[in-house]
Number of protein chains: 2
Amino acid sequence: MSEARTPMEEHLKIIQEKHDNLPKIMRNAGIDCWIIFARETSTTPDSSMQFVVGGDVVLSSAFIFALQSDKSLKKVALVANFDAEAMRKKRIWDEVIGYEKGIKSHLKEKLSEINPHKIGLNYSIDDYSADGLTHGMFLQLQETIPDYRNKFTSARKIVNAIRSNKSQTEIDLIRKACEITMEINRDITKQLRLGQNELEIQQMFHTEVEKRGLGFSWQKMGNPAVDVSPKEFGHVLPQSNNVTVKNCTLHNDFGILYHGYGSDLQRMWYFGAKEDVSDELRHAMDTVVHGIRLGADAIKPGIPGFEVDKIVREYQIFRGYDEFKHGLGHQVGIMAHDGGGGLFPLWERYRDLPKMNIEVGQVYTLEPSLRTKNYGSVSLEEMVVVTEAGCKFLVPPAEDFIYIY
Amino acid sequence: MSEARTPMEEHLKIIQEKHDNLPKIMRNAGIDCWIIFARETSTTPDSSMQFVVGGDVVLSSAFIFALQSDKSLKKVALVANFDAEAMRKKRIWDEVIGYEKGIKSHLKEKLSEINPHKIGLNYSIDDYSADGLTHGMFLQLQETIPDYRNKFTSARKIVNAIRSNKSQTEIDLIRKACEITMEINRDITKQLRLGQNELEIQQMFHTEVEKRGLGFSWQKMGNPAVDVSPKEFGHVLPQSNNVTVKNCTLHNDFGILYHGYGSDLQRMWYFGAKEDVSDELRHAMDTVVHGIRLGADAIKPGIPGFEVDKIVREYQIFRGYDEFKHGLGHQVGIMAHDGGGGLFPLWERYRDLPKMNIEVGQVYTLEPSLRTKNYGSVSLEEMVVVTEAGCKFLVPPAEDFIYIY
């Protein structure tokens, strides 16, 4: 009874939605022929396959997407004969060819029909998520279709767009993952008491996740992160000697997997009444809440991610805090950190990712954090989906601590 | 309480054993420097890493094994600084370098110290299991150490030997997996009755595997394969309308995962007494049992796999049956079909694998099968480990049906 993996029917729907978007994506990338070339994908997976193919292959297989002169897309699956029937059943291919002896003659024939200008392949020096083609398979392709070697180019732009720009079904699943995350937060709120330690609180979350048959959107050991103040977040796993006391804060960073899609949200609790919160802590929480609002207001399609990061980063400094030592937000999808462009500062370690433009259908986190003098870190994390007009929160954003008293 | 994965301490022991064998393997391969170059290995894994590194890395990392002029092996892990501490704790590296800004200068410096003649990299046109390097990472390496480009060569021979030639700890784990498989077969034997269907019998096996916390060495849907005669094996999943009756045979093909290592064994039951077995079925079973003995007698280090296949194949024809339509046996390790050389015929689809020599420490199956006129298929599968003198069965081989009456 696993709720963690995408059911077959939903998965096929997502693949169909991705196929529908491909002509536009390929035109934007300037590539008229995209080939996924893979084998034994249970050992050496190409992560783009799950979005446009689904399932695994054993022997060398080519999945060809070709923009026709009439702007339509021709989709051909060229697989070993024992994989052909399963591919046909998906009903997403214009043509499925099951080869007997070898792939070579079929691939040559198809490409001479298609007559491509550029052939996009899944390799990238900079971006691991667009680098699913092994070097041996690249060499095999060079050997198989030598006449097309000078047309090979990186399909990074296609692969990025396929994964980043969520379809409606994907957005619905991510929203559902967020809703379940909040539901578990509410259930745990009822169980929180003074004298509980971090490890025991994490275990309470694990129990809720597992009884619902869900998965974790990152490693369970640190999911949720659980921090009882005063503590700096993000460094230490839950400790059994760190215990909730009167007027302490509790922070979590929590993400589940529902039908193959993830959440990544942070919330904070306060053990006491609202009026017990010190001025220092009040100022910190208000800064985080308002910072997230500023970030959400700044997001719009067509601007680079670093511009959004900059606004929130500078606001936090203006409010008298050090800037956060991480990016403002990252994309979320089949995992919590989904790769692609991000709301990152222009630091060397983020390479070219902060300069990538925000696009409709992307899902980002907003997660400023700050450190107080006397009460440890304060942080919240929200998730938004980018729309034509700006962005929308996937679940209502936190406005304050959750009070336990 | 999973018994399916390798516990940390055992895993480190296996890695140490592999490291100890590396100098000999590298000398045989004619490669004095082997580099595993990888990043984000939870998305794009290099399957060789689990045998000599263990765990995952995020940013570009180089694991360097260099044969020194004094015949000793120098082992260097070059990883991002946040991964360095975990690498040091393994105590398997001569040097762990945690880089801050980039890998380039460190890698150049190390290689100029080592001054390699040949640099083995994990790519192979023919063998997926030795093809863990992505094309993007190959390009990154060319860019990072351009002066060494003409020294790059395929490390296939090293990767094959590392995976195929089992260490003592690995052999012990595979033997244990075989013993548990036979234990479950015995437990199920007590539960077998007339009137049970294939699906329900498969479910009985699943219950035994899961209550022991074990894994499956191939997909659960077809593991075990369950066939009530008369039926040809290997094509159809268990059916609810195929039921055990008086004088029928029952066949399974069953493999579990214990501490990360697998089994793959076939057994047959007969619903009746030994004296009820027809002459035709008796002749078939004796042929399979004796065929396996002939195969085991023929195995010795230094001969190619196809020679063993040929002996059993010809014996079966001599006994009046069609030859089996598959190889006599494959290697077993972290999965049931572990890749590398095999006891295969010289057919095109096996490429160069049947010509690879048998070596000490490899684990092979022996699984001839034949089709009778009136009683469906007859087949058994045993597992052997290659020794200096020949080979040894990992559990006592079947001598006959198991009788249910």
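Two strands pair if DSSP finds at least two bridges between them. Helices (H or I, at least four residues) and strands (E, at least two) are themselves DSSP runs, numbered from the N terminus. The model here is predicted: local features need pLDDT of at least 70, side-chain atom pairs count only at pLDDT 80 or more, and totals for chains, interfaces and linings use all residues. Residues are numbered from 1 along each chain as its sequence is written, while chains are lettered from A and ligands numbered from 1 in the order in which they are written.

Start with strand E16 of chain A, residues 382–386. Strand E13 (residues 363–366) of chain A runs antiparallel to E16(A), and four bridges join them. One example is A:Leu366, whose bridge partner in E16(A) is A:Glu382. E16(A) also pairs with strand E17 (residues 391–393) of chain A, again antiparallel, over three bridges. There, A:Val385 stands opposite A:Lys392 of E17(A). E16(A) and E17(A) make a hairpin, with four residues between them.

Is E16(A) mostly covered or mostly open? It is mostly covered: five of its five residues are buried. A residue is buried if 20 or more other C-beta atoms lie within 10 Å of its own, exposed if 12 or fewer, and partly exposed in between, with C-beta atoms placed from the backbone. Both faces of E16(A) are covered. A:Glu382, A:Val384 and A:Val386 lie on one side, and A:Met383 and A:Val385 on the other.

Now look at an open sheet in chain A. Its six strands follow the order E4-E3-E2-E1-E5-E6, with mixed pairing. Strand E4 (95–99) and strand E6 (152–154) are the edge strands, and each pairs on one side only. The twist averages 25° from one strand to the next. Strand E3 (residues 73–80) runs parallel to E4(A), joined by five bridges. Within that pair, A:Val79 has A:Gly98 as its bridge partner.

Next comes A:Ser47. This residue sits in the loop between strand E1 (33–38) and helix H2 (49–52) of chain A. Why is A:Ser47 called buried? It counts as buried because 21 other C-beta atoms lie within 10 Å. Leaving out residues up to four places away in sequence, A:Ser47 touches A:Ser129, A:Gly132 and B:Thr43. Two residues are in contact if their C-beta atoms, placed from the backbone, lie within 7 Å.

One of those partners belongs to chain B. Across the two chains, 23 residues of chain B are in contact with 23 residues of chain A. The chain B side divides into seven nonpolar, ten polar and six charged residues. Ala, Val, Leu, Ile, Met, Phe, Trp, Tyr, Cys and Pro count as nonpolar, Asp, Glu, Lys and Arg as charged, and the others, Gly among them, as polar.

Finally, stay in chain B for a helix pair. Two packed helices are described by the angle between their axes and the distance between the axes. The axes of helix H1 (residues 8–29) and helix H6 (residues 156–164) of chain B come within 9 Å and cross at roughly 145°. Axes are lines fitted to C-alpha atoms, for helices over the stretch in contact, and angles run from 0 to 180 degrees between N-to-C directions. In H1(B), B:Lys18, B:Ile25, B:Met26 and B:Ala29 meet B:Lys157, B:Ile158, B:Ala161 and B:Ile162 of H6(B). This contact holds six nonpolar, no polar and two charged residues.
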